[in-house]
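This briefing describes a predicted model of a protein chain.

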Amino acid sequence: MKKFLSLLLIVLMLFSFSVSALAALPSVGTLPGTVIGGNSQDSEDEPEEEPEEEPEEDPEKEPEEEPDLTPVPTPTPTPNQDATYTLVAPDKVYYQVGEAPDYTNGKVIYSKLAFQISYPLSADNCQGLDTSVPGNKTVTVTVNDHVFYFTVIVVSENNPIAQMTDITEAHWAYPYFAACMRVGYFEGDDEKKILPDTSITRAEMAAIIYRTWRTDPTVMIENSSTAAAPFTDVSVESWYYESVEACRKAGILRGDDMGLCNPEDPITREDAVLMLMRIQYTDEELAALDLEKEVGESGVDPVDFDKVSDYAKSAVAAALGEIIKGNQQREIQPQNAISRAESAAIFGRLFLKDYDWGFKWPSGEPTENPEGQNSPLIYLSPSNQFTNPYAGINANEGDEMNKVAEAAKKKLEALGYRVVIASKTKSIYDRPDEAIELGADIYVPIHSNAGGGVGTTVFYRGDRESSVKLGRYLFDTLAKVTGTPFSTNAYKEDYLCLGPDGAPFHELNEPTMAVAYLEVEFHDIPEKAQWIVNNTDTLAQAIADGIDQYFKNHLN
């Protein structure tokens, strides 16, 4: 009977240990396909062995010492000691508006030593994956009272930038605006203008940041330890109060030494970057950065990094090469006001470069002279006469002159200029107004000629010295490649054309800036038409050279 009770006690102890061990595991519920442990194997009951007889005691054997039965204290185990929970975000990052949530390969992994459990993500443990409207959406994941976040981006099928009246595909920032507007980062005004080259205010930058991260509690932190005191110059009635206040509470926008926000002042490039880097890094992480290493590894090597304010140096260094590219002169111009176009480029690089937008995403930034927005702005107006055929070949004036303009744009941007090309669908009667609104410094229509003759013709406004000079520089560089001798018939005032009343060309009369109207060569002569088609790059280089000489010589 004693032996039976001893055996029963051992079984009960083993059972108690198994229950305790199972209770220490995290609750997994019913997870299809989840492997909780290794493979188990059923075994047949072993036959019970006959108990052996106890040996008789040896009377001559020395008695053994009694064992020390004093209890030894054992350390109290820490719950989930050495256990970790890790979020693996789902594969799908970008959604179309209205698209169903997709949690494929998303999971939370519980690990303790060599033991792992995977909790697949689903609508049961994820909140906030709302695809009903465009924008960044922060999804909250809760597993066993552990909370995680991941972000998805919802893209509109509409193309809001197509409704804007003050930007064309020729603008260097057009792809950035096209993407940013489809996810709601940027909006046009009531007049359907995006105002790409205007500066952005501190309040406007706060509004863009708030629109982007408003659903992310890890960014829009309530009462962060780095939050500034409430700003005394931000009215509760102002349109930007909610966004400025949210950014203040989160420690993203901190104001000046006087505790002022200065919400309607243009924000500098360094301050805009600082706000964004405060989202990516803590103050301690920024302070710990090796500035020399960050700048050296950025691939930018800015010549004016010493002009960055001390308080912004770490943030700017962290952003170099990723969201700040610099201009062709390797300048980052930290004290300059940032434009809306430059801001769109930054947000595009942060979030949107991996999505298939259906157009070519900017790769390098020689075309992005923006980060030197004080450079001259050139408005090119290539012919929109697509029904003017070229003699003897399958080509027309509109297509060929737009090719020349595109090639000239690249060459001018490589020289550090900003360039806008008029839309192919915009009337020549609307183009001068667009150039004026954009603040263009020069206006250059580009055409090929017809009506008998050979060589280049350049028209200018004789009542403006700037137009006379611009026309002459462009004539000289074009005449060199077309072999046109100088004459008053090849380089002349526009009033000698267009009918007996002496009415000037609209594109010479209406622009308020320096203007020169180009007829690069005659296209109604087969060999000349073929020459134009074969020499797109040559003509573009001549135009870029003439414009560059005008700015370097005449304006200096």
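Two residues are said to be in contact when heavy atoms of theirs lie within 4.5 Å. By that criterion, and leaving aside neighbours within four places in sequence, His523 is in contact with Asn388, Pro389, Tyr390, Ala391, Glu397, Ser448, Asn449, Ala450, Ala529 and Ile532.

- A polar contact of 2.8 Å links the side chain of His523 to the side chain of Ser448.
- Asn388 is 135 residues away from His523 along the chain, yet the C-alpha atoms of the two are separated by 9.1 Å.

- Six strands form an open sheet with mixed pairing, in the order 9-8-10-13-11-12.
- Strand 9 (418-421) and strand 12 (491-493) are the edge strands; each has a single partner strand, so one side of each has no neighbour in the sheet.
- From one strand to the next, the twist averages 25°.
- Strand 11 (residues 457-460) runs antiparallel to strand 13 and is joined to it by 4 bridges.
- Within this sheet, Tyr460 stands opposite Ala516 of strand 13.
- Helix 11 (residues 431-438) lies across strand 8 (377-382), strand 9 and strand 10 (442-449), and its direction is at about 170° to strand 8.

**Nonpolar cores**

- The largest nonpolar core comprises 74 residues, and Phe186, Ile209, Met220, Phe347 and Leu352 have the most contacts inside it.
- Elements contributing two or more residues to this core include strand 7 (146-155), helix 2 (174-182), helix 3 (202-213) and helix 9 (340-352).
- Another core, of 41 residues, lies apart from that one and includes Tyr390, Leu478, Ile532 and Ala542.
- Beyond its neighbours within four places in sequence, Met220 is in contact with Ile209, Tyr210, Trp213, Arg214, Ala246, Cys247, Ala250 and Ile252.
- In soluble globular proteins, nonpolar side chains tend to be buried together.

**The chain as a whole**

- The protein chain contains 15 helices and 13 strands.
- Of its 556 residues, 45% are buried.
- Among contacts between residues at least 6 apart in sequence, 73% join residues at least 24 apart.
- The accessible surface of the protein chain is about 30100 Å², and 50% of this belongs to carbon and sulfur atoms.

Key. Residues numbered from 1 in each chain as written. Predicted model: local features only at pLDDT ≥ 70, side-chain atom pairs only at ≥ 80, totals over all residues. Heavy atoms only, no water. Buried < 20%, exposed > 50% of the residue type's maximum accessible area, 1.4 Å probe, protein only. Areas by Shrake-Rupley, 256 points an atom, 1.4 Å probe, with all protein chains shown as cover. Polar contact = N/O pair within 3.5 Å; in protein donor to acceptor, adjacent residues only side chain to side chain. Pairing = 2+ DSSP bridges. Axes fitted to C-alpha atoms, helices over the stretch in contact; angles between N-to-C directions. Core = buried A, V, L, I, M, F, W, Y, C linked by side-chain atoms within 4.5 Å.
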